[in-house]
6 protein chains.
Amino acid sequence: MTTTSSASPTPLTHFDADGQAHMVDVGAKAETRRVAVATGCIHMQPETFAMVKAGSAKKGDVIGIARIAAIQASKRTSELIPLCHPIPLTRVAVDFELIEHDAAIRCTVTAETVGRTGVEMEALTAVNVGLLTIYDMCKAVDRGMRMEGIQLMEKLGGKSGHWKA
Amino acid sequence: MTTTSSASPTPLTHFDADGQAHMVDVGAKAETRRVAVATGCIHMQPETFAMVKAGSAKKGDVIGIARIAAIQASKRTSELIPLCHPIPLTRVAVDFELIEHDAAIRCTVTAETVGRTGVEMEALTAVNVGLLTIYDMCKAVDRGMRMEGIQLMEKLGGKSGHWKA
Amino acid sequence: MTTTSSASPTPLTHFDADGQAHMVDVGAKAETRRVAVATGCIHMQPETFAMVKAGSAKKGDVIGIARIAAIQASKRTSELIPLCHPIPLTRVAVDFELIEHDAAIRCTVTAETVGRTGVEMEALTAVNVGLLTIYDMCKAVDRGMRMEGIQLMEKLGGKSGHWKA
Amino acid sequence: MTTTSSASPTPLTHFDADGQAHMVDVGAKAETRRVAVATGCIHMQPETFAMVKAGSAKKGDVIGIARIAAIQASKRTSELIPLCHPIPLTRVAVDFELIEHDAAIRCTVTAETVGRTGVEMEALTAVNVGLLTIYDMCKAVDRGMRMEGIQLMEKLGGKSGHWKA
Amino acid sequence: MTTTSSASPTPLTHFDADGQAHMVDVGAKAETRRVAVATGCIHMQPETFAMVKAGSAKKGDVIGIARIAAIQASKRTSELIPLCHPIPLTRVAVDFELIEHDAAIRCTVTAETVGRTGVEMEALTAVNVGLLTIYDMCKAVDRGMRMEGIQLMEKLGGKSGHWKA
Amino acid sequence: MTTTSSASPTPLTHFDADGQAHMVDVGAKAETRRVAVATGCIHMQPETFAMVKAGSAKKGDVIGIARIAAIQASKRTSELIPLCHPIPLTRVAVDFELIEHDAAIRCTVTAETVGRTGVEMEALTAVNVGLLTIYDMCKAVDRGMRMEGIQLMEKLGGKSGHWKA
């Protein structure tokens, strides 16, 4: 029985020596604290932006619902992304920034675990689903909203150490 | 028993007259054919792009895996987006375009149903998860990839008729 | 090939003639509008009640989060309840009533479909998860909260017609 | 990058200093054995009770199916309750007591983990889904069944120590 | 916008003209009653068989639990099989036959829908998970159990009409 | 509060002393590296086999899609198999062997974890879903395919040590 993970001939570690996809072996990695921060924006009409802004203060809380959707999605990451390892998240925080002059809303997610692999995908998945939820709730008035600049901002922990965009 | 859906004071139909979120009543809508097309790009380093391009032709098929992830995600949309109705999709097609001069990959999804409500969210969710899967598979060599221009392109069917970006 | 559903010797229709569980045959039933209303309460310390009440007006919106959890749970009913049919819900509305003199919160859910079987379980599952979410968010200050009086209130549509508690 | 969890101004720890929901940081907590016991009853007509009792002895095993549903639901808790951490359960036991003089069935669940946070929600979710499954299987003969007294009975492990109802 | 499904150059309809996977267009198909019957066996040591047989009569009901697992799995088919359409099942029946002289247990599942595509995968998935559950419950005493002869037995409805193994 | 797991009167450890199903207590077991290898075949017409073989080399990659489905299914094992513990997989590798003279495809899965219980069910579930996905993609041309010889091949780690078929 061969139980060591095959070395990959390319730097794309999700493939083995034969170019076949696998869930890479992380069994020998240490369980350390790992943090990832991801961000992204949704751009909309100024009228749509005004409605979301009004709702976050009183009735029709689009932002509050998008926050819950983002947190819940982070927990489903390994179901959505085929080669992701299941990871027991120890913290998820979702922040929304209303950028009035751009009529845009920025979603920033911090995800943490104490585990054998990083949580970049968890943070990014949460950002995407947070923005999609805003789209869903506003699409009746603004179908042309665009999601832009979804990316990793920072990563901490693991062998690769600290990374910043 | 009040069974009619409350009228919303704002155009944000996901909220009732009191500003509370609900899954809106679509029971009286006709079951018609509905189509949605959504798109989005992921931008990367030219070296990363070259690896993905090489793999789609032979070993290490990043694009093939992202396509499967996108199709599967479209079926989970109502689990991810809180106020989405569950919808029996009748077709999902996922297309990837390799844009060499931009070192970018465009994902375009067409979703269809014969149902009471549209499939914009299904198409958009598939685009997002398709791009996230590319990110996941290439992140070991390129953490700075960005997802851009995720938006609805076209919508067909239902009371609102044909819409194009 | 026998394709008719076996008659049950007991009025418990989830069992066949041999007493074995099955998902009963609803294929011959008409697709009609079906509505169910369910309700239930969570009782707590007056101090806990005051915190929830304060939050629903401004910061710390326990009720808003419980509403989203209830709606999402209604869509997962057939995954949780073994013999439930998957049902495409056409409407879900969740109402919370703050009952000050009892230091209790009542959750009432209305679920609707146009389908071959009723949505009682969807309404009841949403009530239970709505109340559980309140418990979760307040348990740090009040572990002794109790859920009481969870029941069906009304049912409309299908062969059995109108039923009221 | 701020990676410490914000202090909450209220004792409701699921909210940060701004009143926004988050999945609280448990990364610094020790992995210890944690146990929770929850309970609840479903009340029914004496005729319904007699049917369930008969079935648990021979054909039509309502209780056996409810037990499996309860165990499976405990594993889905973090998907259902928005701010729950995913927890690797190490034990789940579900006990049903037939209370003849009340025509009621009591469901008691013990859940355990070796982890960073407690399993109260896992035990409570299992109780609720166990009772809902009994409701589902008997609703054809008794729509008026009520679930009562669902609560935590005992909690062991973690910083808060031993708690008993 | 091209909305017709691409013709496939091969008889493998899950691929389009370019050889890319897609969820094929079933939107134009009629909603008709469709039935599928699938079967399969698990072979074990005579001692293991005797334990299962004893349990199905009284305590330790392996078969009863496998039946519930099979029914629940049939509802998850479109999550597990990438290109399957989500289908609203209208009936699922699971039968187990104890074959003493072979020390084997046969699982036979009948699945039905009124829909646009067949339910072969739902029936087969239920058989597989039913057998896997028996394996799980007996593996402590018999790791060498084998699953054999899992196949479709019969298919009814749709354009392809009646098919029998 | 009794928190020790009940001793089972039978060797079927998934049942307690009363013959009731439970998720057995693994809290006291050590977290060690555990590996399981499972295998199984799908037999088909030579013409179907030729199509799959052609596709794995260029267009219509049945095997590539089945591999992804198998990996994803391994992560859902505890949702499908009622009494399985949730396990954080640290590695999953899926290998397909084309057996020309038998017109059969063999799927072999290696699953690993660092945990308190074995991963036999994860490896077996992945094999089954991998084979089911091949069936799904080829069923339009060959409904009579059969899955055979699905079994555990090897198991490493835990108290029971090394086991080989």
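This is a predicted model: local features need pLDDT of at least 70, side-chain atom pairs count only at pLDDT 80 or more; totals for chains, interfaces and linings use all residues.
Figure 1. Of the contacts in chain A with a separation of 6 or more, 66% are accounted for by residues 24 or more positions apart. Chain A has 165 residues, and buried residues make up 64% of them. The C-alpha trace of chain A spans about 60 × 30 × 25 Å along its principal axes.

**Figure 2. Secondary structure of chain A.** Four helices and five strands are found in chain A. Read from the N terminus, the order of these elements is β-α-α-α-β-β-α-β-β.

**Figure 3. The interface of chain A and chain B.** On chain A, 52 residues are in contact with chain B, and 52 residues of chain B take part in these contacts. The size of an interface is often expressed as the accessible area lost when the parts come together. Between chain A and chain B the buried area is about 4500 Å², and carbon and sulfur atoms give 68% of this area. L12(A), L80(A) and R143(A) together supply 14% of the area that chain A buries against chain B, which is more than any other three residues supply.

**Figure 4. Polar contacts and salt bridges across the interface.** Between chain A and chain B, 13 residue pairs are in polar contact, with both residues at pLDDT 80 or more. Four salt bridges are also found across the interface of the two chains. One of the salt bridges is formed by the side chains of E79(A) and R76(B), with an N to O distance of 2.5 Å.

**Figure 5. Elements of chain A that touch chain B.** Two or more residues each are given to this side of chain A by α2 (62-74), α3 (77-80), α4 (120-138) and β4 (146-156). The largest share, 12 residues, comes from α4(A). Sorted by class, the side of chain A that touches chain B comprises 29 nonpolar, 11 polar and 12 charged residues.

**Figure 6. Strand pairing between β4(A) and β4(B).** Strand β4(A) is joined by two bridges to strand β4 of chain B, residues 146-156. The two strands run antiparallel. In this pairing, M147(A) of chain A stands opposite I150(B), a residue of β4(B). Strand β4(A) is also among the elements that give two or more residues to the side of chain A that touches chain B.

Key. Residues are numbered from 1 along each chain as its sequence is written. Chains are lettered from A and ligands numbered from 1 in the order in which they are written. Side-chain values use heavy atoms; hydrogens and water are left out. Contact means heavy atoms within 4.5 Å. Buried area is the accessible area (1.4 Å probe) that two parts lose on being put together, summed over both. A polar contact is a pair of N or O atoms within 3.5 Å; within protein, one must be able to donate a hydrogen and the other to accept it, and residues adjacent in sequence count only if both atoms are side-chain atoms. Ala, Val, Leu, Ile, Met, Phe, Trp, Tyr, Cys and Pro count as nonpolar, Asp, Glu, Lys and Arg as charged, and the others, Gly among them, as polar. Two strands pair if DSSP finds at least two bridges between them. Buried means under 20% relative accessible area, exposed over 50%, partly exposed in between (1.4 Å probe, protein chains only).
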